[in-house]
Amino acid sequence: MGRMKFDDSLEKPDFSKAMLLRIYRYFLPYWKQTLVVLAILILTSLLGLLPPLLIQQIVDHALPGKDLRMLLFLVTASLGATVASGLLGVLQSYLNSFISQNIVYDMKNQMYRHLQDMPLQFFSNVKQGEVITRMTSDISGIQGVFSGTIVNFASNLLVLISTAVTLFLMNWKLALVSVLVVPLFVAPTRKMGSVRWKLAKQTQEKISEQNHIIEETLSLSGYMLMKLFTREDTEQSRFREVSLATTRLQIRESMAGRWFMMLVSTFASIGPMLIYLYGGFLFIQGEITVGAIIAFVALLGRLYSPVGQLTNLYVDIKRSVALFERIFDYFDMEPQIVDNPNAVPLNDANSGIEFQNVSFAYQQGKPALRDISFKAEPGTMTALVGPSGAGKTTITNLIPRLYEPDSGSIRIGSADITSLTLKSLRSNIGLVTQDTYLFNGTIRENLLYAVGETDENKMIEACKAAYIHDFIMELPDGYDTIVGNRGIKLSGGEKQRISIARVLLKNPSIIIMDEATSSLDTVSEYYVQEAMAVLLSNKTSLVIAHRLSTILAADNILVVSDGKVVEEGKHEQLLEKNGVYKDLYDKQFGKKALA
Ligand SMILES: Nc1ncnc2c1ncn2[C@@H]1O[C@H](COP(=O)(O)OP(=O)(O)OP(=O)(O)O)[C@@H](O)[C@H]1O
């Protein structure tokens, strides 16, 4: 315990001018408050000098002169200085907190907005929980940078300078003696700080690992996976292992340098002894007074403590700059899909969709779509069929610009979608995905997410059209029923109908639908089909179709295979071709159709 391994090879933080300027910019709006804090720090460092100096006067003048009035005055003045210093400290705490919390507030809002503009790809790649860590602990850690690092630095420096100057003015020989001890504890304090920082970093990593396990296994889907594969014991031992490592690290961290601390306090106490010894000698020589020796010893604390803290400051600054670096890493990721400078709103959304030679790859060298061209006429339904992984979802994701094609263009009417404002484009598109995402709130809240506010009648109308109103009314709390995490309290068909109602409320001209593959019972399926029919009527729609009835109702069918449109036409025409479609049809629907 308390063993230390010292490693000087800590990676250097980025102290570049650009970095510091960037950090400085966050503090700039609060420069007035910062100036007040600085003024308070100067005042308190001076006020702190008063009590020892007043004690000197008491010992040298008030007591030997038996001057009661002078004694009272000096004691009151000393008390006054302490009280004033305390009051200023309160104001300073408020300002510290005001400045740092406001910077955190500014940063969090900026980061939230920034992350909203990140492409879908970012959220597919980022580790679970990572965004939350950056948003919460990293940004919140910034508050410590001002109230901790910066204020500490300024305050310690001011106390150190003011005390050193006072000591040297009082008696330069004695001051020199007190400074002699300083190097004795600077080196150990430095070492201790670095070791602590290393251990703290390791602990932080272990804690992140622990959080990751918790998030992975105690979230809804993770929990189901763990239960169904009976992995409880394995997960438990994985968790226990990481927890044990964390616990050990934390014990080591709290013990790190305890031996050194002991040494340091011993060294620090050598200072006063030296002062008594050498000061006593000077007193005997008649060079200084008893009061001066007492004041000197009292002031020593104000000299040693800031030296110790300033020695450790490098670690604090490093931690702070590392925090900023982590946050700036996120800010430096450019949102790739943004409005064109000359973007215009979409005028007529119901004018058909056209893909012209569109190619796209999620990863370089692995094309997901190759030279896709097709036209979805206004007011018609286009069905996308094809084997799993063929690229159907990718095609639909390109229309609301969740991803950008690598080449080719997508048009709505005559407008290239990149020339349109994202807001107008997306507000004209209704997306019904396979795994309907409902957040943990009431059915009403989930429905109104589409439009913000609407009157009750419109909402009920949409639910009736989506064949879900009667079901909702049968629930004990009706529209105020809580749906649970991701809507777990509802069946797949019910969730899909709610999401259809949500899109109906939005009433967009273009509908993109990924039909659920999960088989619903006949009644549920019937209702979903009916709801879909309402949703799709008179709209330009693209449906990833898994049901024969949908395929038969489609005005045009695109057969997608290996990132290409390999066949196109109506059901009968495609069957006649005796190609990929026929093959798919036989495999997927042949038996069902016969039945
Ligand atoms: N976010 C992603 N990052 C990298 N590759 C992806 C991503 N999403 C899909 N892919 C890959 O792109 C290809 C096309 O996927 P897509 O989801 O479009 O297929 P699909 O036809 O919709 O399949 P399914 O019917 O199974 O949903 C697949 O090979 C898939 O592995």
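Student: In what order do the four strands of the open sheet stand?

Tutor: The order is E2-E1-E4-E5, and the pairing is antiparallel. This is a predicted model, where local features need pLDDT of at least 70, side-chain atom pairs count only at pLDDT 80 or more, and totals for chains, interfaces and linings use all residues. Residues are numbered from 1 along each chain as its sequence is written. Strands (E, at least two residues) and helices (H or I, at least four) are DSSP runs, numbered from the N terminus.

Student: What makes strand E2 (366–376) and strand E5 (415–416) edge strands?

Tutor: Each has a single partner strand, so one side of each is left without a neighbour in the sheet.

Student: How do you know that E1 and strand E4 (residues 407–412) pair?

Tutor: Two strands pair if DSSP finds at least two bridges between them. E1 and E4 have five bridges, in the antiparallel sense. Glutamate 354 stands opposite arginine 411 in E4.

Student: Which strands make up the open sheet of six?

Tutor: Its order is E6-E7-E8-E3-E9-E10, with mixed pairing. Strand E6 (429–432) and strand E10 (564–569) are at the edges, as each pairs on one side only. Neighbouring strands in this sheet are turned by 20° against each other on average, direction ignored.

Student: How many bridges join strand E7 (residues 510–514) to strand E8 (residues 540–544)?

Tutor: Five, and the two strands run parallel. Take isoleucine 511: its bridge partner in E8 is serine 541.

Student: Why are H2 and H4 called roughly antiparallel?

Tutor: Start with the angle. Helix H2 (residues 31–47) and helix H4 (residues 68–116) pack at about 155°, with axes 9 Å apart. Axes are lines fitted to C-alpha atoms, for helices over the stretch in contact, and angles run from 0 to 180 degrees between N-to-C directions. Now the cut-offs: under 35 degrees is roughly parallel, over 145 roughly antiparallel, 65 to 115 roughly perpendicular, and the rest oblique. H2 and H4 are therefore roughly antiparallel.

Student: Is the crossing of H2 and H4 left-handed or right-handed?

Tutor: H2 passes H4 in a left-handed crossing. A crossing is left-handed if the near helix is turned anticlockwise from the far one by less than a right angle, and right-handed if clockwise.

Student: What classes of residue make the contact of H2 with H4?

Tutor: There are 12 nonpolar, seven polar and no charged residues. Ala, Val, Leu, Ile, Met, Phe, Trp, Tyr, Cys and Pro count as nonpolar, Asp, Glu, Lys and Arg as charged, and the others, Gly among them, as polar.

Student: What makes H11 roughly antiparallel to H12?

Tutor: The axes of helix H11 (residues 258–284) and helix H12 (residues 290–331) come within 10 Å and cross at roughly 155°. That makes H11 roughly antiparallel to H12. Their crossing is right-handed. The contact has 11 nonpolar, two polar and no charged residues.

Student: Which residues surround the ligand?

Tutor: Among them are Ser124, Tyr362, Gln363, Lys392 and Thr393. A residue is near a molecule or strand if its C-beta atom, placed from the backbone, lies within 6 Å of it. The shell has three nonpolar, eight polar and one charged residues.

Student: Which element gives the most to the shell around the ligand?

Tutor: H13, with three residues. Strand E1 (353–363) and helix H13 (392–398) each supply at least two.
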